[in-house]
Amino acid sequence: MCAPLVRCFILAWLLVFPAASASAAALVADLSEHRIQIDLGFTGKQVLLYGAIEGDGNVAVVVQGPREPVTVRRKARVAGVWVNEASATFGDAMSFYQVMASAELDEWLPFALRERHQIGVEYLDFKTREKLGAAEKADFLTALIRNKQKLGHYGELEGRVRVLGGRLFRTEIFFPANVPTGVYTLEAFLVRDGEMVSAQKTPLYVSKNGIEAEVFNLAHRYPEIYGIIAIIVAVAAGLAANAGALRR
């Protein structure tokens, strides 16, 4: 849905049903689309989140991908060789995480709310399967966040939520080509005078489509068969390349 149509739709809805919107919630939000399909030509996707607020306040939007176990390893140099010295597995790490806000979070969002709702990478807290001290866990968590940021799966700085006319808001979320599949949650918060006034969650489904889906399902359901096929393809490609070199 294009931006002008989105704005017109929300404005008309508020003008026609002002009482209903105020009584239902101080914030309403939706997405331009609720499904992203990944195929061979997929290079990333931008999704628009838009909505409206009642009264003053600031808006924050948090995007969370499906939870997954992630192992982080720490290397050490032993006898001139780098080896895995220690590791930690976070059983409930978010596969994807982004934050957007109408102003810099430190200016208006209290510490207690940021910690409670994990708004900002510095407030993320995942449980480890191992028993670790606070300092050691923090080191592994920092490494996990850094690795996710390198992949483009975690935002390094919050993005921008634009508030139009004091009532309408919108923000664009970009999902890169290597975005993990699964069910995402996009949650919008309205904060006024340091208090959480309203919040709304909206789901987004990311799935593979076409031959990408077939390869993905084969690799996960029948890993042995997938491995054999991968070896055959690699050998065939090597033989073809060698034959081409000999002909030249």
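1. Contact is taken here as heavy atoms within 4.5 Å. On that basis, and not counting residues up to four places away in sequence, phenylalanine 90 touches Glu68, Pro69, Val70, Val72, Phe126, Lys127, Thr128, Lys137, Phe140, Leu141 and Leu144.

2. The model is predicted, with local features needing pLDDT of at least 70 and side-chain atom pairs counting only at pLDDT 80 or more, while totals for chains, interfaces and linings use all residues. Residues are numbered from 1 along each chain as its sequence is written, and side-chain values use heavy atoms, with hydrogens and water left out.

3. A nonpolar core is a set of buried (under 20% relative accessible area, 1.4 Å probe, protein chains only) Ala, Val, Leu, Ile, Met, Phe, Trp, Tyr and Cys residues joined through side-chain atoms within 4.5 Å. The largest such core has 27 residues, and Phe90, Leu124 and Tyr154 are among those with the most contacts inside it. Elements giving two or more residues to this core include β6 (81-94) and α5 (134-151), of which α5 gives the most, with 5 residues. A second, separate core of 26 residues includes Phe96 and Leu186.

4. Rings of Phe, Tyr and Trp (its six-membered ring) pair if their centres lie within 6.5 Å, and planes under 30 degrees apart count as stacked. The whole structure holds 5 aromatic pairs. Phenylalanine 96 and phenylalanine 175 form a stacked one, at 5.2 Å centre to centre and 25 degrees between the planes. Both phenylalanine 96 and phenylalanine 175 are buried, and ring pairs link Phe96, Phe175 and Tyr184 into a cluster.

Notes: Buried < 20%, exposed > 50% of the residue type's maximum accessible area, 1.4 Å probe, protein only. Helix = DSSP H or I, 4+ residues; strand = E, 2+ residues; numbered from the N terminus. Phe/Tyr/Trp six-rings, centres within 6.5 Å; stacked < 30°, edge-to-face > 60°.
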